[in-house]
Amino acid sequence: MTQERQKQGKSVFIRTYGCQMNVYDSERMAGLLKPLGYEAAAKPEDADLVILNTCHIREKAAEKVYSELGRLKKIKTAKQKNGGDMAIAVAGCVAQAEGAEITARAPQVDMVVGPQAYHRLPEMLARTARERGDILETDFAVEEKFDRLAEHKADGPTAFLTVQEGCDKFCTFCVVPYTRGPEVSRPTDAIAAEARSLVVQGVKEITLLGQNVNAWRARPPVGVVGDAWGLGELCRHLAKIDGLERIRFTTSHPRDMDNGLIAAFAEEEKLMPYLHLPVQSGSDKILKAMNRGHTAAAYIDQIAKIRAARPDIAISGDFIVGFPGETAEDFEATLAIVEEINYASAYSFKYSRRPGTPGAAMPKQVAEAEKDERLARLQALLEAQRSDFNKAQMGRILPVLLEKPGRHVGQLIGRSPYLQSVHVEAPLSMLGSIAPVRIVGQTPNALAGERVTKGEAAA
Ligand code: 5AD
Ligand code: SF4
């Protein structure tokens with residue numbers, strides 16, 4: 001196929017599953033395909049290429065991919081009957097974990113591309129067009145991936161920026177070390193360049209992403225001597241970019257929460273008062289079996305230190321119920337740590353047995369009904385805490401970054417410093433600005449706010 005033919009109007013539909021790193025990767029894949037003439041399609045039926053950017057973290061997530069592939073097969077067959085075609089690519093963590101099994105189970109798939117091989121998509125597309133065979137790219141080569149991806153195009157006032165990938169922690173429940181490979185940090189200057197380019201495009205808030213984002217370590221910028229930097233130093237460095245107003249990062253591991261990063265929360269105004277710091281369980285026995293590398297008490301101490309540095313910080317977490325060997329008493333310890341910490345938001349899951357992980361082979365797997373019951377109790381507690389945290393904002397005036405139009409005309413949706421969604425009446429011209437907003441109400445998923453004048457806000 002010649003360059004000319006490749007450049008004719010084509011369209012791609014990308015469906016993203018799972019975490020924010022996949023959202024970032026999907027945006028970058030779209031950016032990579034654009035110069036080849038691929039515009040975004042609204043639905044798979046309209047697309048010449050469909051990419052499923054998949055998640056393998058829990059069984060349900062992986063199974064969704066196969067049911068979607070079933071649906072896509074019908075669309076592809078119908079198109080082929082009409083003389084057309086549609087290429088199907090499976091990207092992301094299912095691609096990495098299951099590789100060739102995917103094309104064996106789902107022959108309609110043309111390409112399987114792991115998370116570190118997206119930059120090779122254009123050549124893979126050219127090859128499928130030539131060979132009509134299955135193509136598999138699942139090597140780990142993180143640096144090459146970032147070097148070869150096209151410029152990151154901003155889409156609104158907030159953006160994700162991947163700074164770190166992979167994980168060496170090997171929690172015994174988790175597939176990430178196998179699907180995303182070892183911990184790799186991107187170089188400081190490459191991150192700063194991407195951040196500056198996003199800000200030039202109007203971005204006000206950047207969320208630094210990594211499976212273990214606070215394990216990020218790299219040499220200081222070229223020209224600066226000294227030891228390797230940690231995430232706290234990176235945040236301070238990025239905070240110097242004029243026009244960048246807010247910095248966030250996710251997801252952190254308690255083992256990598258160093259003093260430099262905690263101090264940044266106290267001293268760097270642009271670093272938002274919100275921290276997602278998963279603990280998974282409150283039982284030392286289960287934490288040990290999970291290979292988390294810390295005790296419940298160590299986590300509680302750490303949160304106390306973080307709160308001493310930034311008293312208003314909103315803490316968020318992840319929890320797993322029903323890990324193998326979890327007794328009623330262990331579960332009570334999880335409820336106890338939740339009571340102790342008081343979370344502003346949280347994600348909680350039933351343990352899902354993932355093939356190839358040590359947890360899958362452990363004895364004393366917990367019955368599904370037991371997991372259901374524990375999850376319901378835990379979620380009721382977490383939901384009550386979230387609601388209390390939201391209620392505590394009533395009457396306060398918070399700076400809200402207005403991100404996108406709301407459902408009603410004249411309404412915008414923004415985020416508070418604590419990452420709460422806030423609905424507010426404001427003109428479209430205010431999109432992308434940070435406005436003082438008085439919190440006046442609460443719905444299950446958002447806060448309602450009213451714009452206040454700058455004078456009122458200062459009073
Ligand atoms: N089962 C249930 N939850 C899991 N997580 C990771 N692996 C599993 C699993 N096998 C959860 C953890 C992690 C989040 C991203 O997903 O809570 O922090
Ligand atoms: Fe998975 Fe644990 Fe690594 Fe997080 S730290 S990605 S839960 S192995």
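This note covers the ligand surroundings, salt bridges and cysteines of a predicted model.

1. Conventions. The model is predicted, with local features requiring pLDDT of at least 70 and side-chain atom pairs counted only at pLDDT 80 or more, while totals for chains, interfaces and linings use all residues. Residues are numbered from 1 along each chain as its sequence is written, chains are lettered from A and ligands numbered from 1 in the order in which they are written, and side-chain values use heavy atoms, leaving out hydrogens and water.

2. Shell of ligand 1. The residues around ligand 1 (one heavy atom within 4 Å) are I57, R58, F173, Q280, D318, I320, F349, K350, Y351, S352 and R354. By class, this shell has 5 nonpolar, 2 polar and 4 charged residues. The classes are: Ala, Val, Leu, Ile, Met, Phe, Trp, Tyr, Cys and Pro nonpolar; Asp, Glu, Lys and Arg charged; the others, Gly among them, polar.

3. Contacts and cover of ligand 1. A nitrogen atom of ligand 1 lies 2.9 Å from a backbone N or O atom of F173. The side chain of Q280 places an N or O atom 2.6 Å from an oxygen atom of the ligand, and the side chain of D318 also has an N or O atom 2.6 Å from a ligand oxygen. Taken alone, ligand 1 exposes 400 Å², of which the protein buries 87%; areas come from the Shrake-Rupley method with a 1.4 Å probe. Strand 13 and strand 14 (345–350) are the elements that give two or more residues to the shell. Helices (H or I, at least four residues) and strands (E, at least two) are DSSP runs, numbered from the N terminus.

4. Shell of ligand 2. C167, K169, F170, C171, F173, C174, V176, P177, N212, H253 and R292 surround ligand 2. The class count here is 7 nonpolar, 2 polar and 2 charged residues. F173 is listed around ligand 2 and also around ligand 1.

5. Salt bridges around R374. The whole structure has 25 salt bridges, each a side-chain nitrogen of Lys or Arg within 4 Å of a carboxyl oxygen of Asp or Glu. R374 pairs with E326 at 2.9 Å, N to O. This pair links distant parts of the chain, with R374 in helix 15 (residues 368–391) and E326 in the loop between strand 13 (314–321) and helix 14 (328–341), 48 residues apart. R374 is buried at 6% relative accessibility, and E326 is buried at 4%; buried means under 20% relative accessible area, exposed over 50%, and partly exposed in between (1.4 Å probe, protein chains only). R374 also forms a salt bridge with E370, the closest N and O atoms being 3.2 Å apart. E370 and R374 both lie in helix 15, 4 residues apart, about one turn. E370 is partly exposed, at 31%.

6. Other salt bridges. E63 and R105 meet through their side chains at 3.5 Å, N to O. E63 is in helix 3 (residues 59–81) and R105 in helix 5 (residues 100–105), so the bridge ties together parts 42 residues apart in sequence. E63 is partly exposed, at 38% relative accessibility. A network of salt bridges links K350, E368, K371 and D372; K350 is also listed around ligand 1.

7. Cysteines. The structure has 0 disulfides, a disulfide being a pair of cysteine sulfur atoms within 2.5 Å. C55 is buried, with a relative accessible area of 11%. C174, one of the residues around ligand 2, is buried at 13%.

Conventions:
Polar contact = N/O pair within 3.5 Å; in protein donor to acceptor, adjacent residues only side chain to side chain.
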